[in-house]
Structure formats: C-alpha cells, structure tokens
Amino acid sequence: MPSTSGPLYLGFDLSTQQLKAIVISSDLRVHYEAKVDFDADLSSKYGIKKGVHVNEAEREVYAPVAMWLEAVDLVLQRLKEKNTPFDRVMGISGAGQQHGSVYWTKQGEELLGGLKTGETLVQQLSEMAFAHPWSPNWQDASTQKECDSFDAELGSENALADATGSKAHHRFTGPQIMRFHKKHPDVYRATSRITLVSSFLASVFLGSIAPFDISDVCGMNLWDIRAGKWSEPLLKIAAGEDGIESLKEKLGEVREDGGGSMGAISQYFVGRYGFNANCAIAPFTGDNPSTILALPLRPLDAIVSLGTSTTFLMSTPNYVPDPSYHFFNHPTTAGLYMFMLCYKNGGLARERIRDTLPKSTTADPWAVFNKVASETPPLGQKTNSDLAKLGLYFPLPEIVPNVRAGTWRYTCKSDGTGLSESKESWSSDDDARAIVESQVLSLRLRSQKLVHSPEEGMPPQPRRIYVVGGGSLNPAITRIIGDVLGGTEGVYRLDVGGNACALGGAYKAVWAVERKEGESFEQLIGQRWNEEEATVKVDEGYRKDVWGAYGKVLGAFEEMEQKVLAGEERNQ
Ligand SMILES: Nc1ncnc2c1ncn2[C@@H]1O[C@H](COP(=O)(O)OP(=O)(O)O)[C@@H](O)[C@H]1O
Ligand SMILES: O=C(CO)[C@@H](O)[C@H](O)COP(=O)(O)O
C-alpha cells in the first residue's frame, strides 16, 4: 500500500538504455516506479539504437543530450499518472552512466536558472544550452592515442592507476576531453562548463550547474585520489594549448560530501509538477557507485551488475590500485573505496548469442537461452575426459582486456593444460553457456586480490554475491555465477529487479536529508534496511566440486586472453 503521509525520496538512474525513477519513504519501502526506455519510447525521434549512436569508422559512441532532457519530463509525467505525491518528495538524488561528458554553453547556465513551466526541458534547453548536442558514451573506443599520453604522463600506467584509481581507459573523461578539444577546438572554446552525466542530471533538477561528486569524478583519469584534488599534469595534457586554467573553469568544483543538500529544487519542477519548494537536491553519482548504495554492503560481499555493462563491485577500506581494475572513492563514506571491474560486452553480447538460438515461443525471450545454458554441463564437458570449452565473445572492443572486437573459442584439458584454439565448430548451445562462463571467469580471475577465505576451511571467494541489473532476473545466469564465483552464503538478487542503481540513489537522498550529525550512510541505512524484504536468494553459491573445476582452468583462461592480446599486436 503506498504511504499516505510523511516524506518521500526520489532516486534516478540515467543509464545507457533507460531513465529509471523510484520513489521510497523514510523506511526504505518502494512506493512508485517509472521508466523511459530510450529505444522503445524515443528512438523514432532520436534515431538511436540501444540508447546510442555509433560511428564505427572512428570507434565513437555517443548519445543525444536532448533525448535525456525529454526523458526527464516523460518519466515525471509517468510518475504523475501513477498519482505520485510530488509535494511530499523532500529529497532527490540519483546516478548517471559513468564517464560521459556534457558540454554546456554560458547561456545554458543562464537558461537552467530561468526555465518556464509552460514549456518542456527539451524545448527550452536543446537549442542553446549545449555547445555540443552529443555526450560521448562509455562504450566509445576512439581515444587510444590520448590514453597512451595519459598512461605516459606520470611515468607509467601503474603510476596513473596509483594516482587516479585507474590506468587510462578509452571511456574515461580526461582522454575524452583531450580528443574532443583536438577534434572540436571551437566547440571546446564555446564550452562554459563540462559535466558528467551524473552532474548533468543533478544540474537539471538544481537549476544551476552542479559540482562533480567525489566518487564519479574518479572515472575521469583527472582526479588525484590520494591528494584529493585535480591532478595538474593530467589536466594539462587534457587542456592542450588552451591551458589548464580554462579547463579548471569548465570543470568547476568537486563536492566531497556525498550527502546534504546542494540547494532546493528548480522552480521549473515546483511549477510544472507540484514538487515541494523545499525539496533538497543531493549530489548525484555514477551508476556503479550508486549501485553499491542499494544495500549495506559488507566487506567481502560483492555485487555483480548485469546491465548493458557487466560490473563487479566491492566496498573496501584498503586503497590497492592496479592497472587491471578500478578504484573509486566511496560515494558517501570517506575512507572507504569502491573496487570495480567493468566490461563493455555485457547484456548486449549475451543478447547476440541468445539471438543465434531458436526464438522463444513463450513470453520470456530468454527461455531457450536459459534451457540450453542450464542443460549444457560446465565448460561443455559431458565427461571429465572431454576438452573444456573456453570462449571470448566481444561484439564491441573490450575494456578488460583492452582488445579488439571478435569471438575466440579455445579448448584445454580439465587440468588447464593443452590450451589450443578450437578446431571444431561449436553449437549455439555451447556458446550460450560459454559466454556467461567466460564473463564470470574473468571476474574471478581479476578479483582474486580482493577476496580471502570468508570462513574456516573455505577457499578465497566472496561471502555473499548480490546480483542486480536486467540480467539478475535470469536464473541460468545466476546459477553460473554461483558455480564459477562461489559465495559461501549464496547468491542473492536485490528484489527491485533492474532498479538497484536508482534505489541506491533514493537511499542516498534519504541519508542526505535525514542523517543526524556525523551519522554515516551505512549506519542510517543499515538500521532501516530489511534484508528479508529487499533480497531473494537465487542460488546456493559455492559448490566445492564445480568451483574447483573452474579454478583448474582459470590459468588457461588467462593464457587464452594473453594469446588473443598477442594477436592484437599482430593485428595493429
Ligand atoms: N531475463 C533476462 N535475462 C538476461 N538478460 C536480461 C534479462 N532481462 C533484461 N536483460 C538484459 O538487461 C540489460 C538491461 O539491463 P539494465 O540494468 O536495465 O541496463 P542499463 O542499466 O545498462 O540500462 C539488457 O541488455 C537486457 O539484455
Ligand atoms: O563504464 C562503466 C563503468 O566504468 C559502465 O558501467 C557505465 O557506467 C554505464 O553502465 P550501464 O549502467 O549503462 O550498464
């Protein structure tokens, strides 16, 4: 039953394919939800596919900013149609897909502060508020040269990872700005402010340009995490001949406090939708930092986010950066960090394999995929003497490892020896299981340094694995996650389906407004979070024999990646 009194809090997730909104009460119960699917609702107007445009020739991927503005009004309209009492919403926060950049004009800042309630956001902003109509998307792979400069600037990719939490990556905003500046110098100079997607969405609700938040800023290769300030040498190479000061002005400040209020909601939303004029706009963050806020994550618990991207997330007090993964500041708690692995070939790569199978005759488009993936034995081995099947499925150039698009199929013996490229053709049934196994084997390989034995006699693995995102609804996928990754307490789905990220944003809004002096996010949410209501166990997790079988081929999996990477050099 929707709550009939008391404050409500609104969380957003502006992701690659959708804008999602969720409304909760102080006790964290969900009362209203709505979403806009860019392909289903707006592709006829914006011509996007899976939320973006692609320029193959330059490996560019980008999204129309105007589409996001239109989606904000549309998702609020849909919440209104569900009779959401906007006048009771006392806090708003949320998240945006990470690394994307938005280029505002000076006039955009002025327009933001004087929006008329009789016209929509897209009518008032799309023409004049942006120096560039597009936002480079995290799937972009056009910045290899710029990444080489970033990796070299501090001496090595290790030094860059140590300073900023990551080595240089195509999608990271610093290399993106560096290329943007070279490719569009006049547009760059006409740019008054550069925001991330998260601070773009916060700015729309705030009615002025919002600062970066302390976590999402770590996805730029520009923020010195240890020093807690912009890295001057890295700003310098991004800024080019226009100089560091002009870029500093465009970037603005970084807000250290993930909570509190950046100001009251823009009058546009009060007048047009009836929001409470005192509704606080809290900092918005990246989609992955927001996802780890969707539950009080304990050390050694892990989240696998099965969205367009596949990400593996853990919260840790230890800053142990390495070029093979990512570290970000925690979005609400100083002294904690978010460990992240991120893969470009996530949901869409799984969809492509699904679509090679016979079409499902039921309402579930994944029914056939699930059947064959579940009925195919681990590693495709009908007997232990059969060769184990290992594959890599990258319809897009991959991030981890940094390799060209392609599909590779190898086999090895059960003990991991005898790795060789597979000579016989594999069936789509083989591929259905192998793509999920390969994605989870990569998570296991790269998270080894972050996990230890959760209890006496158990091998190093996460204690609990929470699955979120669209793919978390899939029982075949969650079973393979348990088989490969383990989880001594099992695999759990956050029972908000694909909405964990928006839910994390809503929880952040509750904490931002209701926290007592010095009360941490973990304390406040931990006291109110109802685990039984919020999660459902979807798999047993650790099974000794099958977990051990995957462990025996982990070295072969890594060797396969090395062979493919070696082919990368030959291919260049
Ligand atoms: N039942 C399912 N099985 C597997 N994948 C699914 C299922 N339902 C949705 N998905 C996948 O989830 C992805 C979208 O998840 P979502 O978390 O909403 O993504 P994002 O946040 O990146 O927009 C799509 O790529 C879709 O293929
Ligand atoms: O690039 C990353 C993280 O580094 C991606 O996780 C993006 O942040 C977008 O993810 P989706 O929410 O669209 O899957």
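An open sheet is formed by three strands in the order β4-β5-β8, and their pairing is antiparallel. Strands β4 (53-55) and β8 (134-136) stand at the edges with a single partner strand each, so one side of each has no neighbour in the sheet. From one strand to the next, the twist averages 35°. The model described here is predicted.

**Strand pairing**

- Strands β4 and β5 (residues 60-64) run antiparallel and are joined by three bridges.
- Residue H53 has Y62 in β5 as its bridge partner.

**The helix on the sheet**

- Helix α2, which comprises residues 65-81, packs on the sheet.
- This helix touches β5 and β8, and its direction makes about 40° with that of β5.

**The surroundings of ligand 2**

- Ligand 2 is surrounded by 14 residues, of which the closest are T16, Q98, H99, D287 and S309.
- In T16, a polar side-chain atom lies 2.4 Å from an oxygen atom of ligand 2.
- In D287, an N or O atom of the side chain is 2.4 Å from an oxygen atom of ligand 2.
- In R171, a polar side-chain atom lies 2.9 Å from an oxygen atom of ligand 2.
- Ligand 2 exposes 370 Å² when taken alone, and the protein buries 96% of that area.

Methods: Residues numbered from 1 in each chain as written. Chains lettered and ligands numbered in written order. Predicted model: local features only at pLDDT ≥ 70, side-chain atom pairs only at ≥ 80, totals over all residues. Heavy atoms only, no water. Pairing = 2+ DSSP bridges. Helix = DSSP H or I, 4+ residues; strand = E, 2+ residues; numbered from the N terminus. Axes fitted to C-alpha atoms, helices over the stretch in contact; angles between N-to-C directions. Contact = heavy atoms within 4.5 Å. Near = heavy atom within 4 Å. Polar contact = N/O pair within 3.5 Å; in protein donor to acceptor, adjacent residues only side chain to side chain. Areas by Shrake-Rupley, 256 points an atom, 1.4 Å probe, with all protein chains shown as cover.
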